[in-house]
2 protein chains.
Amino acid sequence: MKAAIVTVGDEILIGQIVDTNSTWIASQLSQIGVEVTTKISVADDRESILKGVRRGFEDADLILMTGGLGPTKDDITKTVLVEYFGGGMQFSQDTFERVTEMFTKRGITITDAHKAQFYMPERAEILENRMGTAPGMWFREGQKALCAMPGVPHEMKYIVSTGVIPKIQGEVQTVFLQKTIRTSGVGESMIAEMIEPVLKDHPVKLAYLPSQAQVRLRLSVAGEVGSEQILTGVLEKAVDATLAVLGKRVYGFDEDSLEEHVGGLLKDKGLSLGAAESCTGGYLSHMVTSVPGASSYFKGSVVSYDNSVKENLLGVKAKTLQAHGAVSQETVEEMVSGALRILECDVAIAISGICGPTGGSEEKPVGTVWIAVGNKDYVESKRFLFSKNRILNIQYAGVSALHLLRKFLSAR
Amino acid sequence: MKAAIVTVGDEILIGQIVDTNSTWIASQLSQIGVEVTTKISVADDRESILKGVRRGFEDADLILMTGGLGPTKDDITKTVLVEYFGGGMQFSQDTFERVTEMFTKRGITITDAHKAQFYMPERAEILENRMGTAPGMWFREGQKALCAMPGVPHEMKYIVSTGVIPKIQGEVQTVFLQKTIRTSGVGESMIAEMIEPVLKDHPVKLAYLPSQAQVRLRLSVAGEVGSEQILTGVLEKAVDATLAVLGKRVYGFDEDSLEEHVGGLLKDKGLSLGAAESCTGGYLSHMVTSVPGASSYFKGSVVSYDNSVKENLLGVKAKTLQAHGAVSQETVEEMVSGALRILECDVAIAISGICGPTGGSEEKPVGTVWIAVGNKDYVESKRFLFSKNRILNIQYAGVSALHLLRKFLSAR
C-alpha cells in the first residue's frame, strides 16, 4: 500500500513551524509497511488544497491530511473535501455532544463561531478525537481513501493511533522489515567502501543517515504477506554481513544513542564518569546528562573555560600551559588527572580546543581539538581537526569524546 | 516571486528525520518577501525527483531543492537534473581543488567513491559551499530557476545565505520589511493580551514565534517597490507602540539571542560569570559558550551532578542537603556562594531541580527547579515548575536562568 501525506497551513510554508506531524505519521506508516511516496505541504486555500489532494491520489491510494480543521475562519479543509468527494454536510449529534461536554468542563460558552464544527461531511466516516474538538474524517472512493485530521499534534496522534492504523492494518498486503545500524568515528564514504562490495549480493535496500561524527545505516526489505520468515532471514544475513565488516565501529541499533550506549557501558562495569571541558563549554556534560538515569554513573564536570579554572580547580600546571598552550596533549592529560582527583570518579574525559571563529593560528587552526580519556592507570589522547564552524566544532568534539570514551571502556 | 521547496530523500518519507531544512529555507524566503507556494518531499529515485521538479515548476518560478547530493550511490539528484535540464557533466577543477584540500587537511585519502563529486552539470552555475564537499547548482531555463543543494543543514544554509538569497534579492519586485521583537520571561497569551489592543490600529502583520520561556514577535509590512519610505514609517510606529507596552520584557531584536544579550551586558559592565549546574547538567554553560567571544566574560562552571561534588567542590553544607534537599532555595544559594569563590567570578548562577522522568515527589514533583543568581553582596532565587518532559525541563531551566541573570544584571 502506498500513502501520501498532505499538510495544510500557511504556517508551514512561511517557515513558522517545523512540521513534525508528517515525520511522525511517516514513521508510523513505515513501521506497518506502508510506503509513503510523497509529502506535500499546501496553503490554506481552496485551490491549493484541491491540488494537494489530486497530486496525493496520483501517487498513492491513501492520503493522510493534517491541518485546516478547527474553529477559526481560515480553516477550510472540510468545505473543500465536501466539494471534492461530493455529498453535503450534516449535523453530527455525536460531535455536538462531545464538544459541548468538553467546552462545559473548561467553562467555555458555545458561540456561533463554534457551530460549524458540529456539521460533518455526509460521506465521511467519523474517527473519534478524545483530545480535542475536531474529529478525523475518513473518506473513501473506490480503492482510494483520504483521512483528514486536525493539525494539533496530540490530537492527530490520537486519531492516527486509534482510528487510522487499525483501519489500514486490515488492508496492508505487504511486509516491511528494517534494521538501523549505528556507527561512530567513521565517515560515510569509508563506510560505503567497506560495506557496498559485501552488500551487493544481498537483496536489501540500504540508506545512509550521517550526522556529526556518526553514521546510521538502514537496511530494509519488503515483500508480500506470508513471506515474513524469508524476509527476516534475508535481513538478518545482510545485517550479519555488515556487522562482520564494520566490527567495533558499530555501537548499537535502531533507537540506541551513543550517550545511552556509553552510559550502559559505565553501568555494566560499575564505573563513574567525570569530565573537564574547555572549548565544548558544557556540551559533553549536557549530552551525557540528557540520558534519564545518568545520575547513577555521572559525577559531574568542571567547565574550565578560563585558564585560571584549569589551574586552580583542575591543577593543570602553569608551566604546562605556558610551554604547550591550553590546546595540547599535555594540558588535556593533566585535565584528566585533575578531574579524576577532584570529582572522585573512576574514568574522566577532557576536551580542549579552538572552536572559533577566532583564536586559531598557523600551528593550531580553528577546529583543532585535543581530547583525552583515562583512569588512574592509563590515559590516552587524540588530536582532531574539525571545521571552521563554532557550533559544529562543539558538536563534533562532544560526539568524538563519547566515541573515544566508548573505545576506552570497550577495551577494558 | 513564488518559490517551491523540494526535498529529496527516503529518510524524510519514512519519518526517520524531521525536515528542518525546508522550514529554515521557507523562513529565509519569507523574510525577503518570496512566497513559498508548496513544499514537496520525494524519494531518492529518478521518477520521483523528476515529478518533484515538474510539480514545483507548475506552482512556482523558483525551486529550492535539498538532499541527494553526496558521495554515496543513493545520491542521484545530480544525474536526474542533467537529464531534466539537458547538457552533460564536466570536470570541475574548482570543486576538485577545494575538496582535495579539505580532505588533505583532515587526513583523508581521495578514493574512487569521491570522484563523481568532481563532475558538475555543464548547464549549472556553481554556488560555493565552504562547509562541505558538494556545492550548490543553479540551473536556469527562461524565467524559471532551480537551485540544488546538499541536505546537510549547515552546508545548505551556507549556500542559501551566500549564494541563493543575493541572487533572488536582485529579482524580487515587492518590498517586504519586518522587525522581530524578542522577549523573555512572559508567555504568549499574556503578550497577546498586552499588545493586540494597541496593534489593531497599525496596518502591520503580526506573528508569534514562541519557544521555551521566550516569545518572538514578528511585525511585517509589504508593498510595491517605491513605497519603502512609507512602509518603513508604518513599521517603525508599530514597533514603537509594541515596545512602549512591553517595556523591559523585550531584550532584543531580529537575530539577537538571549545568550548574546546577557554576554553583552556582562561585557559592558566588565563583570565575569560563573555557573554551578545540577539538573541542567552543563546545558546553561553550553548556551553561554555557544556565543563567540564568551571567553572574555565566562570563567567556567561546576556541573555538580552528584551531591558529593556539591559538597566537596562548591562547599554546599552536608546539613543543608540533609535538611532541605538538593532541590531547595538553601542549596542553590550555597551553590552560588561556592561558584563565586572557586571560579573567582563576579556573578554566579546556580540551578538545581528534578528534570525527570523519575525523582519527583508530592512536595517536589518532576519539573521543580530552583535557580539562584548573585554576587558577593546579594543573591536572589526563584522556584519554577516546568513540565513532565526531561529535555524540555533542561531547556526551560537554561533559558529561565539566563532570563533571571538578565534581570539581575539590568537592575545593577
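In chain B, the axes of helix 10 (residues 258–269) and helix 15 (residues 390–410) come within 10 Å and cross at roughly 30°. This is a predicted model, in which local features need pLDDT of at least 70 and side-chain atom pairs count only at pLDDT 80 or more, while totals for chains, interfaces and linings use all residues. Residues are numbered from 1 along each chain as its sequence is written, and side-chain values use heavy atoms, with hydrogens and water left out.

Q: Why is helix 10 of chain B called roughly parallel to helix 15 of chain B?
A: Their axes cross at roughly 30°. Angles under 35 degrees count as roughly parallel, so helix 10 of chain B is roughly parallel to helix 15 of chain B. The crossing of these two helices of chain B is left-handed.

Q: What makes the contact between helix 10 of chain B and helix 15 of chain B?
A: Contact means heavy atoms within 4.5 Å. Helix 10 of chain B contributes residues including B:Leu258, B:Val262 and B:Leu265, and helix 15 of chain B contributes residues including B:Val399, B:Leu402 and B:Arg406. The residues of this contact divide into eight nonpolar, three polar and three charged.

Q: Why is helix 2 of chain B called roughly parallel to helix 7 of chain B?
A: The axes of helix 2 (residues 20–31) and helix 7 (residues 153–169) of chain B come within 11 Å and cross at roughly 25°. That angle therefore makes helix 2 of chain B roughly parallel to helix 7 of chain B. Helix 2 of chain B passes helix 7 of chain B in a right-handed crossing. Among the residues that meet are B:Trp24 and B:Ile25 in helix 2 of chain B and B:Met156 and B:Val160 in helix 7 of chain B. By class, the contact has eight nonpolar, three polar and one charged residues.

Q: How do you know that the side chains of A:Lys51 and B:Asp59 meet in a salt bridge?
A: The N to O distance between these side chains is 2.6 Å. A salt bridge is a side-chain nitrogen of Lys or Arg within 4 Å of a carboxyl oxygen of Asp or Glu, so the pair qualifies. The count between chain A and chain B is seven salt bridges.

Q: What area do chain A and chain B bury between them?
A: They bury about 5,800 Å², with 54% of it on carbon and sulfur atoms. Buried area is the accessible area (1.4 Å probe) that two parts lose on being put together, summed over both. At this interface, 76 residues of chain A are in contact with 75 residues of chain B.

Note on methods. Chains lettered and ligands numbered in written order. Axes fitted to C-alpha atoms, helices over the stretch in contact; angles between N-to-C directions. Helix = DSSP H or I, 4+ residues; strand = E, 2+ residues; numbered from the N terminus. Parallel < 35°, antiparallel > 145°, perpendicular 65-115°, else oblique. Left-handed = near helix turned anticlockwise from the far one by under 90°. Nonpolar A, V, L, I, M, F, W, Y, C, P; charged D, E, K, R; others polar.
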